[in-house]
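Here is a brief report on a ligand site.

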Amino acid sequence: MLSTSSPVWTALQLREVLVPNRVWLSPMCQYSADPSGAPTDWHLAHYGSRAAGGVGVVMIECTAVAPDMRTTISDLGIYRDEQVRGHRRLTAAITAMGSVPGIQLGVAGRKSSHGVPWDNAGTRHPVLPADGGWQPLAPSPIPFADLAVPTEMAAQDGTRVLEDVEQAARNADRAGYQVIELHGANGYLFHEFLSPLTNHRTDEWGGDLERRMRFPLEMVNAVRAGWPEDKPVIVRLPAEDLLEGGLTTDDMAVVASRLAGEGVDMIDLLSGALVPEASRPATPLHNARYGPRFRAAGLLTAASGQISQPEHLDEAVPDLVDVVLVGRALLRDPYWALRARGADPLESWPKQYHRAF
Ligand SMILES: Cc1cc2nc3c(=O)[nH]c(=O)nc-3n(C[C@H](O)[C@H](O)[C@H](O)COP(=O)(O)O)c2cc1C
C-alpha cells in the first residue's frame, strides 16, 4: 500500500483549475449513448461512481465533435444542445463528488463507422451507410484493417472539421467541463495527419513533419478558440508509432514542443495503435516510461497503460510523469484509487461508506 504522503496524492494546479490528485480516470468509450448521442443513466452511474472513488479528474470518453467523427453510432457527442444538457448532468455529479470533470474530444477520421466491441465482429467491422453508418474522412484514402476506404479530405472538409472542433470546445465549456483532452493518438484524425504511414498528401497538409503537423496544430488552435483561457488543454499524443517508417520519439518530441507554444498544458502519452501491424507493448508503465523524453518540451506529462498496482503510482509520479491515467483497473473497481491510496478509510472514503470499516 502507498503512503498518503506520496506525491501522486498532491494537488495539481492547471491554469485556474485545481485538481485534487494525480490519479485520473483514463477516457474509455462506453458505447452507451442514447440515439441522439446524449449521455444516459449508464454514464451517470459509471462516471459518478469513479468520481466517488476519488480520482482527480474523471475524463469522459472519446466524445465526437460531429456525427461523422464518431467511431460508432453509440458514441457520445457534444455537437447538439440536447447532448450538452445531458453532459451537464455528468459534470454536476462529478463536481458534487469532489472530482474534476474532463472530456476527451474525439475526431475519429478513418477509424470510424464500425461496430461496438460486443457486436459479433466488433470494432474492426465496418458499418456501411446503408446500415446507419457513414463514409469516413481521412488525410489519405488508406483504410484501417477492414474498415471502409476513407475519402481524402478536401480543403472545405478541413474547414468544417475545425469549425466542429471549435464549437465542441465551446459546448464543453457550456456543459461545465473544466479540462479538455483532444484525442490526438490511437490512429484518429490528428494522428493520421501526423504520421507518414497514413498521410500521403502532397498539398500543404502533407509532406515533411512540419507540413504534416499543420492540420493537427490547427485543431489545437480550434480548441483554444472555443475554450476559455483559464481552463487547461491536454492533447493525447502517440510517443511513437512502434512500426518501421512511422513516427519516432524524435518526431514526437518536436511535435510536443510545438504544442507547448499553442496553449497546450499537458500531453498524455500513448504509443502505437495507428495501424494493425504496430507492436503492442504490455508491460507495466510502458507509456509512462516515455515521459522523461518529453519533459524538455516544457509541458506537463501524463500517461496510461498497464498501471494497475499501487506501487506503479509511486514509480510513475514524479519521476516518469506528472499524472497517471488509469483505465482497466478502474473498470474492474471504481474504488481502485481509494484502495491504492491506503489511507485511513475514515479520512479518505466517502462518509456515507464509513460504517463499512
Ligand atoms: C473499454 C475501453 C475503452 C477505451 N476508450 C478509449 C477512449 O475513448 N479514448 C482513448 O483515448 N482511449 C480509450 N481507451 C484506452 C484507455 O484510455 C487507456 O489508455 C488504455 O486502456 C491503457 O490503460 P490501462 O492499461 O490502464 O487500461 C479505451 C480502453 C478501454 C479498455
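By class, the shell around the ligand holds six nonpolar, eight polar and two charged residues. Nonpolar covers Ala, Val, Leu, Ile, Met, Phe, Trp, Tyr, Cys and Pro; charged covers Asp, Glu, Lys and Arg; the others, Gly among them, are polar. This is a predicted model, in which local features need pLDDT of at least 70 and side-chain atom pairs pLDDT 80 or more, while totals for chains, interfaces and linings use all residues. Numbering runs from 1 along each chain as its sequence is written, and side-chain values use heavy atoms, without hydrogens and water.

The ligand is surrounded by 16 residues, each with a heavy atom within 4 Å of it. The closest are Pro27, Arg236, Ser304, Gln306 and Arg328.

| Side chain | Distance to a ligand oxygen |
|---|---|
| Ser26 | 2.8 Å |
| His183 | 2.9 Å |
| Arg328 | 2.6 Å |

Taken alone, the ligand exposes 600 Å², and the protein buries 80% of that (Shrake-Rupley method, 1.4 Å probe).

Asp268 belongs to strand β10, residues 266–270 (a DSSP run of E, at least two residues). Its side chain makes a polar contact with the side chain of Arg236 at 2.7 Å. Such a contact is a pair of N or O atoms within 3.5 Å; within protein, one must be able to donate a hydrogen and the other to accept it, and residues adjacent in sequence count only if both atoms are side-chain atoms. Asp268 counts as buried because its relative accessibility is 0%, and buried means under 20% relative accessible area (1.4 Å probe, protein chains only).

Definitions and conventions. Helices (H or I, at least four residues) and strands (E, at least two) are DSSP runs, numbered from the N terminus. Buried means under 20% relative accessible area, exposed over 50%, partly exposed in between (1.4 Å probe, protein chains only).
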